[in-house]
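Morning, everyone. Let me walk you through one structure, sheet and helices together. Here it is.

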Amino acid sequence: MKRKPSTEATSAWIRLMRVQSRVLDCVEQDLKKAGFPPLAWYDALLELSRAPSGELRPVELERQMLIPQYSTSRLIDRLVDEGLASRRECKIDKRGQFVEITEAGRELQKRMWGAYSAAIEKYVGSKLSDADAVKLSGLLDRLGCACGEMKLPPVVNVNETSPSR
C-alpha cells in the first residue's frame, strides 16, 4: 500500500520549492547588481578551487555542482573563454580532459564572495538565529539522506573557502 503525503508534508514541499527559487533569484539579482556573473560561475570556480590540484574532470564538476551536463559543458566553455579556467588533456587517458581553475578564476571567485556572502546574510543569516540555522541544516540533511545522497560536509570558515550553495 502506497502512503500519500500528509497535508503538512505537501505544504512543506511547496514552501521548500518556492523559498529555494525566490532566495536563489534574489541572490542572482544581487550578484548582477554588483556587476558579477551568475551564481553558477561562482559555484564552478569554488568547486575547482577546492579540488586538491585545482582541477576536476567535467563529470566530477557536474556531480559537485548538481547541474545538468549540458549546462556544465556550456558553463565550462564560458569560463575558458573568459580565461577563468583552462582545459587540459588527461595524460593517462588521452580522450579525457580536466578543467583547471586559473589565477583569474581564483581572483573572481574571491571577489564574488563579498557580494555572495552579503546576499546569504541578507536572505538567510538575518532571518535565522545560529541555532535555527543549525536546526534547518539538520532537517535538510535528513531530506537529502532520504534521497540516497550523503550528508553534506559541514561548512568550514566561510571567509576561507565559502559555501557553494
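One definition before we start: two strands count as paired if DSSP finds at least two bridges between them. With that in hand, look at Arg-88, which stands opposite Phe-98 in β3. Keep Arg-88 in mind, as we return to it with the salt bridges. And note that this is a predicted model.

Now the overall layout. The protein has six helices and three strands. Along the sequence, the pattern reads α-α-β-α-α-β-β-α-α. There are 165 residues, and 28% of them count as buried.

The sheet next. What is the order of the three strands in the sheet? The order is β1-β3-β2, the sheet is open, and the pairing is antiparallel. β1, residues 55-56, and β2, residues 85-89, stand at the edges. Each has a single partner strand, so one side of each is left without a neighbour in the sheet. β2 and β3 run antiparallel, and five bridges join them. β3 covers residues 97-101.

On to salt bridges. A search of the whole structure finds five. I will show some of them.

Start with Arg-88 again. Glu-55 forms a salt bridge with Arg-88, and the closest N and O atoms are 2.6 Å apart. Glu-55 sits in strand β1 and Arg-88 in strand β2, so to speak distant parts of the chain, 33 residues apart. Is Glu-55 buried or exposed? Glu-55 is buried, at a relative accessible area of 13%. Arg-88 is partly exposed, at 27%.

Next, Asp-30 and Lys-122. Their closest N and O atoms are 3.8 Å apart, and they form a salt bridge. This pair also links distant parts of the chain: Asp-30 is in helix α1, Lys-122 is in helix α5, and 92 residues separate them. Asp-30 is buried, with a relative accessible area of 15%. Lys-122 counts as partly exposed, at 46% relative accessibility.

Then a pair within one helix. Glu-103 and Arg-106 form a salt bridge, with the closest N and O atoms 3.9 Å apart. They are three residues apart in helix α5, which puts about one helical turn between them. In general, an α-helix has 3.6 residues a turn, so residues three or four places apart point the same way. Glu-103 is exposed, with a relative accessible area of 54%. Arg-106 is partly exposed, at 26%.

Now the rings. A pair of aromatic rings is described by the distance of the centres and the angle of the planes. How many aromatic pairs are there? The count comes to three. Take Tyr-42 and Trp-113. Their ring centres are 6.3 Å apart and their planes stand at 25°. Stacking requires planes under 30 degrees apart, so this pair is stacked. Tyr-42 lies in helix α2, residues 39-50, and Trp-113 in helix α5, residues 103-125. The pair therefore ties together parts that are 71 residues apart in sequence. Both Tyr-42 and Trp-113 are buried.

Trp-113 has another ring partner, Tyr-116. Here the centres are 5.7 Å apart and the planes are at 90°, so the pair is edge-to-face. Trp-113 and Tyr-116 are three residues apart in helix α5, about one helical turn. Tyr-116 is buried, as is Trp-113. Put together, ring pairs link Tyr-42, Trp-113 and Tyr-116 into a cluster.

Back to α2, the helix that holds Tyr-42. α2 has twelve residues and reaches 16 Å from its first C-alpha to its last, close to the 16 Å expected. Why call α2 largely enclosed by the rest of the structure? Because nine of its twelve residues are buried. Among them are Trp-41, Asp-43 and Glu-47.

Last, the surface. Which residues make the nonpolar surface patch? They are Trp-13, Ile-14, Leu-16, Met-17, Leu-136, Leu-139, Leu-140 and Leu-143, and the patch is about 690 Å². Helices α1, residues 7-33, and α6, residues 130-146, each supply at least two of its residues. Leu-143, for one, lies in α6. At 47% relative accessibility, Leu-143 counts as partly exposed.

That is the tour.

Conventions. Residues are numbered from 1 along each chain as its sequence is written. This is a predicted model: local features need pLDDT of at least 70, side-chain atom pairs count only at pLDDT 80 or more; totals for chains, interfaces and linings use all residues. Side-chain values use heavy atoms; hydrogens and water are left out. Helices (H or I, at least four residues) and strands (E, at least two) are DSSP runs, numbered from the N terminus. Rings of Phe, Tyr and Trp (its six-membered ring) pair if their centres lie within 6.5 Å; planes under 30 degrees apart count as stacked, over 60 as edge-to-face and the rest as tilted. Buried means under 20% relative accessible area, exposed over 50%, partly exposed in between (1.4 Å probe, protein chains only). Patches are made of residues with over 30% relative accessible area and no salt bridge: like charges are joined within 9 Å, nonpolar side chains (Val, Leu, Ile, Met, Phe, Trp, Tyr) within 5 Å. Accessible areas come from the Shrake-Rupley method with a 1.4 Å probe; for residues, only the protein chains shown count as cover. A salt bridge is a side-chain nitrogen of Lys or Arg within 4 Å of a carboxyl oxygen of Asp or Glu. The expected span of a helix is 1.5 Å times one less than its number of residues.
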